[in-house]
Amino acid sequence: MIIYLETREVFLEHVRRNRIEDEVGERLKLIAGRRVSPAEARSWRNSLIYVSNILQAPEIPSALGVAIEYQIHNTSRRIDLLLSGRSADQRHAAVIVELKQWEQVAATEMDGLVRTVVGGGPRDLTHPSYQAWSYSCLLEDFNTAVQEHAIEISPCAYLHNCSDGSGVQDAFYQPYLERAPVFLRHDTDALVAFLSRCLQQGDGGETIERIRDGRARPSKQLADCFEQMVLGNSEFTLIEEQKVVYERVLALARRLRPGEHRVVLVRGGPGTGKSVVAIQLMAALLQKGLNTRYVTKNAAPRTVFKAKLTGQLRRSRYDNLFCGSGAFVDCPPEHYDVLVVDEAHRLNQFSGLYGNQGENQVKEVISASHLSVFFLDEDQQVTWKDIGTEAEIRKHASALGAEVVTDELPSQFRCGGSDGYLAWLDDLLGIRSTANTELDRGAFDVRLFEDPVSLHAAIRQANTNNRARLVAGYCWNWDSKKDPSRSDIVIPKYGYAARWNLAAEGNTWIISATGVDEVGCVHTCQGLEVDTIGVIIGPDLVVRDGELKVDPTARARSDASLKGWKQSLARDPDATMQRVSRLIRNTYRTLMSRGMKSCWVFACDPELQAFLRQRLT
C-alpha cells in the first residue's frame with residue numbers, strides 16, 4: 001500500500017505550495033481510513049521540506065518517482081520515502097530513504113540499536129541504517145516484482161536534524177553503514193551524489209508501481225541459503241517421530257486452497273524437538289516458494305536460532321523470516337501461506353508494548369495464514385498473560401472454519417532422554433501425581449547443592465564447551481539493568497551475589513561467551529537447552545508443614561510474569577491462587593528441564609532444601 005505516489009516535479013510543487021502534509025493526510029484518510037494528527041502532519045512537513053531541498057538539486061534527474069509511506073507487503077513496516085528511476089545500465093532502480101528527525105544519537109553495546117531521545121526521554125531504537133537495509137532485504141527476498149525485474153534496491157538514512165555523527169556512525173555499526181549509509185544535516189552534497197549515482201534517469205514512478213503490484217513470495221536465493229544453513233547444522237537433524245510430524249505438515253502445505261484455513265496442533269514436552277521440526281519446516285516450506293515465518297512470543301529462541309544458523313550474533317537478512325507473535329494485528333486474511341508458531345503456549349491475548357493492540361494472537365495467526373502450525377506444551381505456561389492452550393486454538397479455528405489436525409512428539413531427547421525424570425519432576429513440583437516418586441539416578445545427573453556459591457562454581461567448571469548455565473526464579477529485582485556495577489541475586493547468608501544477564505545480550509545470554517558468569521531466568525532460556533543447567537529456586541516456592549507451597553509476593557517488583565494476579569484475587573481468590581500456583585510450579589519445571597545431561601539445584605527456603613534432600617536420597 002502506498003499513500004502518496006507522484007513524480008519529483010509534482011512533489012516539489014506540493015511542497016512549494018505548502019500542500020505536502022495536506023496531500024499526504026487526505027490520501028491517508030482515503031486509502032487507509034485513518035485521520036492524521038496535527039503532530040504527525042508537522043512531522044511530515046518538517047522532514048519533507050528537507051527532502052525537497054535535496055530533490056531540487058540540478059544533479060537529480062527529472063521525473064523520478066516519489067512515494068511516501070509505502071507499507072511493505074504482509075508487514076506493518078512502512079518505508080518513509082521511496083524514490084525510483086533507472087540505473088546507469090538502464091535497470092529498474094529504487095532508493096529507500098529512512099527519515100529521522102533525531103537531533104542526538106548515542107551508540108550502545110547492543111547490535112543494531114542506538115539510543116536517542118523520543119517522547120521526552122531516552123530510548124533504545126533500531127539503528128536507521130539497519131532499518132533501511134532490513135526494508136531492502138524484505139523487498140529483495142519477498143517481492144516477486146523485485147526478483148523478476150531484477151530491480152536494484154539501494155537503502156540509506158537521512159538524519160536531517162543531526163549534526164554530530166559520532167554515535168550513529170560509530171565503528172560498531174560499520175556492517176550496517178556499509179549496506180545503508182547515513183547522511184546527516186550537513187551531508188546534503190553527499191546525499192545528492194548518492195541519489196544521482198543510484199538513479200540516473202527518471203521513470204515517472206513505474207518501478208514503484210511494479211514493486212507495489214508484486215506478490216509476496218520468498219526468493220529462490222533466500223530459500224536455498226536457509227536450507228543449506230539448516231542442512232549443515234547437526235542440531236536441526238530430524239529423529240524418529242519428528243520426521244513423521246514434519247512430513248505430515250508438508251503434505252498439508254501441498255494442499256493449500258484460497259479461502260481455506262488449516263491448523264496443525266503439535267503437542268510435545270520439553271526436549272521432544274518442537275523447535276527442530278519448526279526450523280526444518282521453515283527450510284522446506286521456503287524451498288516450495290511458500291511465504292512462511294517462524295513465530296514466537298519470546299525473543300530469545302528467535303535470536304538464538306538465527307545465531308546458530310548464521311554463525312553470528314549480528315543481525316542478518318534472515319531476521320525477516322523470524323517474527324514475534326504480535327506481528328499480525330493488522331494483517332489481512334491469508335496473507336501468509338504458512339505460519340510456524342513455536343512455544344505457542346506463550347501466546348498472549350493482546351499485542352504491543354503496552355498490551356493495547358489487537359484482539360487475540362491465536363485468532364490473528366490463524367486468520368493471517370492458510371496453514372498455521374502450533375507447537376504446544378501447556379505445562380510451560382509461565383506468565384499471567386499466557387493463553388496458548390489447545391482449547392483456545394480450537395475455539396478460534398472453529399470460528400474461522402479451519403480444519404484442525406493434531407499430532408504429537410512423544411519422545412524427548414533432553415534430560416538424558418529420561419521420560420522418568422520429567423515424570424518425577426511433575427510429581428516433585430505437584431504439577432500432577434505420577435508413579436515416579438523416586439528418581440532413577442542413573443539416567444540423568446540430578447544434584448542438590450548446599451549453597452549457591454558452590455553451585456555457581458560447579459557450573460563454571462562444567463562450562464568447558466559453553467554449554468552450562470545458571471538460572472533462577474525471578475525473585476530479585478534487575479537493579480544492574482540501569483547500574484551494571486550492582487548485583488541482583490544477593491543471598492547474604494551464603495555471601496552470594498551475582499547479576500542477571502546483561503541487558504546488551506539478554507536474548508543471546510545462553511550462547512554468549514560471558515553468560516556463565518551471569519544468571520538467567522525463564523524468559524532467556526525457555527525453548528532452549530544446555531548440557532548442564534543449575535537452578536536457584538527462589539523464595540516463591542517453599543515447603544510448609546511438609547507441603548509444597550507458592551508465595552507470589554516473593555517475586556521481584558521488576559517481574560511482570562504475574563502482573564494482574566492481585567486484582568484477580570479480589571474477584572476469585574480460589575481460582576486465582578490455583579492459577580498462580582500452577583504458573584510458579586511451571587516456571588521451575590521449565591527451568592529444571594533445560595539440561596541435556598544434568599540439573600543441579602539449590603533452594604533458598606531451608607524447608608524446601610530439606611524436602612529436596614529427602615526426595616533425592
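Arg 16 and Glu 13 are both located in helix H1 (residues 8-16), at a separation of 3 residues, or about one turn of the helix, where helices (H or I, at least four residues) and strands (E, at least two) are DSSP runs numbered from the N terminus. The structure is a predicted model, in which local features require pLDDT of at least 70 and side-chain atom pairs count only at pLDDT 80 or more, whereas totals for chains, interfaces and linings use all residues. Residues are numbered from 1 along each chain as its sequence is written, and side-chain values use heavy atoms, with hydrogens and water left out.

Arg 16 and Glu 13 form a salt bridge in which the closest N and O atoms are 2.5 Å apart, a salt bridge being a side-chain nitrogen of Lys or Arg within 4 Å of a carboxyl oxygen of Asp or Glu. Arg 16 is exposed, with a relative accessible area of 59%, while Glu 13 is partly exposed at 30%; buried denotes under 20% relative accessible area, exposed over 50%, and partly exposed the range in between (1.4 Å probe, protein chains only). Over the whole structure, the search finds 45 salt bridges. A network of salt bridges links Glu 6, Arg 19, Asp 22, Glu 23, Glu 26 and Arg 27.

In the salt bridge of Lys 100 with Glu 98, the closest N and O atoms are 3.1 Å apart, and both Lys 100 and Glu 98 are buried. A further salt bridge joins the side chains of Asp 605 and Arg 544 (3.0 Å, N to O). Asp 605 lies in the loop between strand S25 (595-603) and helix H20 (606-615) and Arg 544 in strand S23 (residues 541-544), so the pair ties together parts that are 61 residues apart in sequence. Asp 605 is buried, with a relative accessible area of 7%, whereas Arg 544 is partly exposed at 36%.

The cavity search was run on a 1 Å grid over the protein atoms alone, a cavity being a set of points where a 1.4 Å probe fits but cannot get out, with lining residues having an atom within 4 Å of a point. Grid points are joined across faces, edges and corners, and a volume is the space filled by probe spheres set on the points. The count comes to 3 cavities of 30 Å³ or more, and the largest cavity has a volume of about 70 Å³. Of the 10 residues lining the largest cavity, Ile 72, His 73, Leu 138, Phe 142 and Ala 216 are the closest to its centre. Helix H4 (residues 128-142) gives the most to this lining, with 3 residues.

Conventions
On a 1 Å grid over the protein atoms alone, a cavity is a set of points where a 1.4 Å probe fits but cannot get out, and a pocket is an open set with protein on both sides within 12 Å along at least five of seven lines; lining residues have an atom within 4 Å of a point.
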